[in-house]
Every structure is written in structure tokens, then in C-alpha cells.
Amino acid sequence: MDDFYNSTADVSTRNNSVDQEGLARIGPYVICRNGRTGPASGQRRPVPRDEIAIAKDFLSRCRRTRWARDPASPSATILRDLVTEWVLDCNRYTDGVSVGAIIVAALELGIPCAPLGERDALIGVNFHSACVGTLLPIYPGKTQDDAWQKYAEENFLETDIKFMDAITPPPPRAWAVPDRILKRQVTLLYGDGAIGKSLLTLQLACSTVLSRGWLGCQPEAGPVIYIGAEDDEDELQNRLHDIAAHYNEPFSELIENGLYASSYAGQDMTLARFDSDGYIEPTPLFRALWGRAQIVRPVMIILDTLSDIFDGDENNRGQVAAFVALLRSLAIAANCAVIVNAHPSQSGSSSGTSGSTAWHGKVRGRLHLRAANKDEGDPDLRVLEYKKVQYGPLPPKLMLRYQNGVFVPEAPGGSTDPQIVEQRAEQVFLDLLDRFTRQGRNVTDKKGTTYAPACFAKEREATSEKLNKVVLAEAMLRLFDAGKIRVVTEGPRSKQRSRIVRT
């Protein structure tokens with residue numbers, strides 16, 4: 001039996017594979033033109049080599065499977081009919097191809113086979129690709145689909161599931177914001193009240209419609225739908241005016257380039273409710289949003305906030321999963337990102353979480369906007385952290401400062417210009433090195449009690465400029481590279497000491 005399943009050699013050259021009648025033998029089976037027969041069967045005719053050659057030509061065009069099993073694999077009888085159709089379409093004249101020729105050809109090609117009934121065999125190929133590759137004038141898979149449907153009906157099986165059937169390279173992954181926010185997915189932005197979530201996502205919306213940068217990234221340009229219940233229409237317009245001014249654009253450019261912003265402050269913004277049996281029911285607003293999204297085809301839909309659109313129990317995993325799936329269906333249908341602002345729970349304020357772990361598990365992106373802590377410098381700064389980006393590494397956290405009605409990235413040290421920060425840090429490092437040298441307080445480049453960046457970070461010159469030891473360590477490396485400082489080693493060989501000096 002093993003030989004029948006996985007023969008890889010030409011049966012005409014195998015030991016005891018051809019009997020005195022010229023019949024191919026596969027283990028205990030004899031293969032004749034009629035197919036597989038037992039040793040004691042009646043009249044049998046050998047399979048002609050020209051039929052086997054035609055069958056091998058056809059099967060070599062098929063995509064093979066690693067197995068042959070019922071009902072997923074086509075039978076030799078079905079394949080015989082396809083080969084006959086194919087050779088006629090190719091104007092190749094023949095008296096026909098037998099079932100036995102299909103079996104022998106499959107075995108000689110090393111294609112898995114399995115016995116089927118008294119004479120037939122299952123062949124380990126996917127003939128959907130064969131129909132396409134040979135340009136057969138039949139719908140690919142029709143014969144096999146009919147066989148599957150018959151099997152399902154005979155066994156009272158429900159089969160209404162759509163599976164992938166295309167044998168094509170996967171499309172590139174689609175990002176609304178490259179490597180940060182995925183399209184066709186749901187992303188959550190958590191942050192405490194008044195931390196700036198609405199402003200941050202409004203900036204993202206404006207940069208998207210204006211094709212401008214957002215916090216050092218370049219979103220895909222296109223329309224955006226924003227629906228929020230946090231700000232009334234006057235405040236929403238004021239914020240959008242500030243953002244437009246930041247980009248040196250009139251407010252009208254936002255609207256003309258596809259910003260669809262709507263305030264639901266003081267109104268019911270619920271997108272779904274749950275009935276007494278726990279089933280989710282979309283609201284008329286969700287259906288209206290769905291319809292509008294099909295027309296606009298936005299890059300992203302921003303919903304502000306989660307507590308205004310979700311009417312269920314945030315600790316109920318089933319309800320959370322159903323609601324996220326509803327939003328995901330919207331993202332897929334409109335081919336866009338769905339971004340939802342949310343408030344963390346009291347216990348999850350530091351980590352940016354709330355309710356069931358399904359919120360984190362079901363979405364494919366999660367961000368957290370929080371206030372900077374004392375170790376990060378100015379408490380007025382905001383920190384944007386990426387807690388989950390499903391298909392890539394987590395981007396580094398980003399320091400933000402509120403300035404003229406918008407958030408702007410801030411490099412460590414308090415300046416929005418990284419080059420200015422670096423120059424200032426280098427100068428403070430050199431000034432402190434000079435003072436420490438005059439005072440006889442030697443510092444080194446090795447971590448320890450005399451580690452220069454740690455010692456300098458405690459001094460007034462550094463604290464007034466908000467330069468921490470990380471920034472000063474980076475400045476030290478740049479100064480070494482520039483040849484402005486060096487390490488000298490002093491003292492006897494038994495007790496040598498090193499220190500940093502100016503060159």
C-alpha cells in the first residue's frame with residue numbers, strides 16, 4: 001500500500017511492476033486501461049505509453065498537494081475527462097486517455113495517490129490551477145465543487161464559508177501611517193481626560209487631508225471622517241483653525257480636501273447596542289457611517305471617544321470582541337483605518353488600558369498618550385507611546401509639547417530642533433568638563449561613581465537646560481568622534497587611573 005501512495009519511480013522499470021501481459025503492478029494492484037484492478041480480475045489491457053505521456057503532460061501543469069484524500073482530491077476518472085477535454089482543445093489527436101493512464105502518470109511523476117472504490121484512485125493535485133494553466137473551457141473547479149456539494153448534501157453538512165482560492169502573491173500590507181497605524185484594522189488611542197487625545201487625532205486628520213507630515217511621519221494622503229462627542233462644533237472649529245494655521249493653510253483647505261468632521265456633543269453617538277440575549281445590534285448612526293464611508297472611501301475614520309460609541313460592558317469579553325469585530329468590518333469595507341480615542345481605567349492609567357484584556361487582544365494597534373514623568377523632564381510635556389503595532393516593531397516613544405494650539409515633537413533637552421539640542425548639550429558638557437577639571441574632580445567615560453554624564457546631569461548648568469544623563473552621554477560620544485575630548489591614563493602601572501580631558 002505504501003508504494004501506491006508515494007511511488008516516485010517509473011513503474012515500467014520497477015521490480016515485478018510489469019507482468020507478462022504488459023500490465024503495471026503497484027503493490028498488490030494491477031493498473032490497466034480501466035484503472036486499478038485486483039490480481040484475479042478478468043480481461044485487462046495494458047496502458048499505452050502514449051496515453052501515459054499525455055497524462056503526464058497534463059498533470060505536470062497541476063499544482064501538487066502533499067496528500068491524496070477523499071473528497072478533497074480529484075479522482076482519476078474526473079482527471080481523465082479533463083485531460084480528454086484538454087487534448088481536444090489543443091488539437092492533439094488521440095483515441096482518449098484512460099483512467100489507468102492517469103494513475104500510472106501520477107505515480108511516475110511522484111504525485112501521491114490513494115485507492116478509491118474498486119477501480120479508481122484519488123490523485124494528489126489541485127486541478128483548479130490545471131484548468132487555469134491549460135485554458136480549459138470549463139469553470140475552474142466546477143466538477144470538483146459539484147462533488148463536494150454532493151458529499152455535503154448526502155451527509156447533511158452546512159458549508160457556507162468563503163475560503164481563499166487565489167494562488168497569487170500576497171498584496172503589500174496597507175498602512176494609514178507607515179509602520180504605525182494599519183488600514184483595515186482598529187487602533188485604540190488611550191489617554192486620561194484633558195491629556196490631548198482629541199487634538200492629537202485632529203492633527204492626524206488634518207495632516208492626512210493636506211498631505212503633510214504628522215509627528216515625523218507621512219500619513220497616506222486622502223479624506224478623513226472624524227466624529228466626536230467631546231467638543232461642540234464651535235470648539236471643534238477653533239481647534240481645526242489652529243491646526244490649519246500651524247500648516248500655514250486656511251481652514252477652508254481642510255474642508256475642500258476631504259475633512260468630514262462632525263460634532264455629536266450632547267447627542268447620542270452610540271454605534272451599537274446589545275439585546276437581552278447579548279447579540280450586538282448596529283444603530284442607525286453606524287449604518288449611516290457605513291454608507292458615508294463607502295462613498296468617501298477615507299484613509300481613516302476617527303471616533304472620539306470609546307465611551308460614547310460603545311453601549312456595552314467593557315469588562316465583558318464577548319461584547320468587546322463583537323464590538324471590535326463590528327468596527328473591523330467597517331474598516332475592511334471602506335479599506336481604511338478606524339481609530340478610536342479611549343479613556344483608561346483608574347488602575348490602567350499608567351499603562352493605558354481599561355476593562356477586559358480583549359480590548360488589547362482584538363485590536364491590531366494601541367497607543368497611549370500620557371504626561372511626562374519627573375525622569376523625563378518637563379511635566380508639561382506629553383509622551384506618545386506605541387503599546388501595540390501588530391505587524392512590526394514598536395516605534396520609539398515620542399515627546400510632545402503643546403505650542404500655539406498644536407502638539408509639536410520635542411527632542412530631549414527642550415528644543416524642537418534636534419541640531420540645536422545637540423549643540424547645546426555638547427557645549428554644556430565641555431563647560432562642565434572645564435569646571436570639574438579646575439576643581440580637580442576627574443570624570444571618566446566608564447559607568448560608575450565618576451561617570452561623566454551622570455555627574456554632569458546633577459549640575460545646575462544641565463538641570464536648567466533640562467539635559468539628562470542620556471542626552472549628555474550622546475553628547476559625549478559625539479565629542480569623542482569629533483576629536484574634541486579624549487581619555488588619558490595616569491599613574492603607576494599597578495594603580496592607573498583614566499580621565500576625560502579636552503584635546
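Which strand and which helix each supply at least two residues of the lining of the largest cavity? They are strand E10 (186-191) and helix H7 (197-210). The model is predicted, and two cavities of 30 Å³ or more are counted in it.

**Largest cavity**
- The space in the largest cavity is about 60 Å³.
- Its lining consists of Ile181, Thr187, Leu189, Leu200, Thr201, Leu204, Trp214, Ile339 and Leu367.
- Helix H7 contributes three residues, the most that any element gives to the lining of the largest cavity.
- Seven nonpolar and two polar residues make up this lining, and no charged residue is part of it.

**Second largest cavity**
- The volume of the second largest cavity is about 30 Å³.
- Around the second largest cavity stand Leu433, Phe436, Thr437, Arg441, Asn442, Val443, Arg499 and Ile500.
- Helix H14 (418-438) and strand E22 (497-502) are the elements that each give two or more residues to the lining of the second largest cavity.
- H14 has the largest share of that lining, with three residues.
- By class, the lining of the second largest cavity divides into four nonpolar, two polar and two charged residues.

**Charge in the two linings**
- The lining of the largest cavity has no charged residues, whereas that of the second largest cavity has two.
- Arg441 and Arg499 are among the residues that line the second largest cavity.

Technical notes:
Residues numbered from 1 in each chain as written. Predicted model: local features only at pLDDT ≥ 70, side-chain atom pairs only at ≥ 80, totals over all residues. Heavy atoms only, no water. 1 Å grid on protein atoms, 1.4 Å probe; cavity = no way out; pocket = protein on both sides within 12 Å on 5 of 7 lines; lining within 4 Å. Points joined across faces, edges and corners; volume = space filled by probe spheres on them. Helix = DSSP H or I, 4+ residues; strand = E, 2+ residues; numbered from the N terminus. Nonpolar A, V, L, I, M, F, W, Y, C, P; charged D, E, K, R; others polar.
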